[in-house]
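Work through these exercises with the model open beside you. Try each task before you read its solution.

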Amino acid sequence: MERHINPITLNACKLIPFHTLSKGMIIYEQGETAQEFYFIHKGLIGLYHTLDNGKESLVRLYKENEYFGYRTLFGDSQYHCSAKVLVDAEITRIKPTSVNRFFFENPKVSKRLLQTLANELREAEQRLAKSSYLKTSDRVIQSIDFLTKNYPYYNWTYREIGEFAGCETETAIRITNELKRKSALPLSFTLSKSK
């Protein structure tokens, strides 16, 4: 199977291309009713979940040639996270005329979306399991390693590292500073002090 399936080949849906979306723009908000999903032509998108107390967590990342937002559309009716542009992006909005018809008329992309969903569930379960037995410092180290290897073109903030590791920003700062003193950070690691 091909690496990605361009949305131009999809049936039973309306495609709405976006022009460039700037860093910081919100594509959809947590709690909004899902009516479409998205394909990234370029850029980086972060999914953020906000708890009742206002604490935000970086849940997942999507990059070029990936689909996002379909899990809610094909499952629940409301987005469980907000989608925010982290690196200027070009995306296509995909609005199925009917979910059942979309699956029937797009078997390759339907299979790909289900495979991606299964992989994301496995990764989420692994992160959850690690949060119960790994020390916070190990979670921060693993987060830095994952983020810098998979998204080397983005300068991660202490806040984002903390959110991804499941700890407070101050904890991520302290652990990262300890790693810097020990010269134990990946060579590719660069840090932005602001969002």
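**Exercise 1. A covered helix**

Task: In this predicted model, find how many of the eight residues of helix 5 are buried, and list them.

Solution. 
- Step 1. Count the buried positions. Seven of the eight residues of helix 5 are buried, so the helix is mostly covered.
- Step 2. Name them. They are Tyr158, Glu160, Ile161, Gly162, Glu163, Phe164 and Ala165.
- Step 3. Look for what covers them.

**Exercise 2. Helix 4 against helix 5**

Task: Describe how helix 4 and helix 5 pack, and say which residues make the contact.

Solution. 
- Step 1. Recall what is needed. Two packed helices are described by an angle and a distance between their axes.
- Step 2. Read the two values. Helix 4 (residues 136-150) packs on helix 5 (residues 158-165) at an angle of about 115 degrees. Their axes lie 9 Å apart.
- Step 3. Classify the angle. The range 65 to 115 degrees counts as roughly perpendicular. Helix 4 and helix 5 are therefore roughly perpendicular to each other.
- Step 4. The crossing of helix 4 past helix 5 is right-handed.
- Step 5. List the contact residues. Helix 4 gives Arg139, Val140, Ser143, Ile144, Phe146 and Leu147. Helix 5 gives Ile161, Phe164 and Ala165.
- Step 6. Seven are nonpolar, one is polar and one is charged.

**Exercise 3. Helix 4 against helix 6**

Task: Repeat the analysis for helix 4 and helix 6, and state how their axes cross.

Solution. 
- Step 1. Read the values. The axes of helix 4 and helix 6 come within 10 Å and cross at roughly 75 degrees.
- Step 2. Classify. Helix 4 and helix 6 are therefore roughly perpendicular to each other.
- Step 3. List the residues. From helix 4 come Thr136, Ser137, Val140, Ile141 and Ile144. From helix 6 come Thr171, Ala172, Ile175, Thr176 and Leu179.
- Step 4. Sort them. Six are nonpolar, four are polar and none is charged.

**Exercise 4. Aromatic pairs**

Task: Classify the ring pair of Phe146 and Phe164, then the pair of Tyr151 and Trp156.

Solution. 
- Step 1. Get the overall count. The structure holds 14 aromatic pairs.
- Step 2. Take Phe146 and Phe164. Their centres are 5.4 Å apart, with 10 degrees between the planes. Planes under 30 degrees apart count as stacked, and this pair is stacked.
- Step 3. Phe146 is in helix 4 and Phe164 is in helix 5, 18 residues apart. The pair links distant parts of the chain.
- Step 4. Phe146 is partly exposed, at 34% relative accessible area. Phe164 counts as buried, at 9%.
- Step 5. Turn to Tyr151 and Trp156. Their centres are 6.2 Å apart, with 75 degrees between the planes. Planes over 60 degrees apart count as edge-to-face, and this pair is edge-to-face.
- Step 6. Tyr151 is buried, with a relative accessible area of 6%. Trp156 is also buried, at 1%.
- Step 7. Look for a cluster. Ring pairs link Phe37, Phe39, Tyr67, Tyr70, Phe102 and Phe103 into one.

**Exercise 5. Positive phi**

Task: Where in the chain are Ala12 and Asn65 found?

Solution. 
- Step 1. Take Ala12. Ala12 is found in the segment before strand 1 (13-17). Phi of Ala12 is near 60 degrees, a positive value in a residue other than glycine. Ala12 is buried, at 11% relative accessible area.
- Step 2. Take Asn65. Asn65 is found in the loop between strand 4 and strand 5 (67-68). Phi of Asn65 is near 70 degrees, again positive in a residue other than glycine. At 19% relative accessibility, Asn65 counts as buried.

Methods. Residues numbered from 1 in each chain as written. Predicted model: local features only at pLDDT ≥ 70, side-chain atom pairs only at ≥ 80, totals over all residues. Heavy atoms only, no water. Axes fitted to C-alpha atoms, helices over the stretch in contact; angles between N-to-C directions. Helix = DSSP H or I, 4+ residues; strand = E, 2+ residues; numbered from the N terminus. Parallel < 35°, antiparallel > 145°, perpendicular 65-115°, else oblique. Left-handed = near helix turned anticlockwise from the far one by under 90°. Contact = heavy atoms within 4.5 Å. Nonpolar A, V, L, I, M, F, W, Y, C, P; charged D, E, K, R; others polar. Phe/Tyr/Trp six-rings, centres within 6.5 Å; stacked < 30°, edge-to-face > 60°. Buried < 20%, exposed > 50% of the residue type's maximum accessible area, 1.4 Å probe, protein only.
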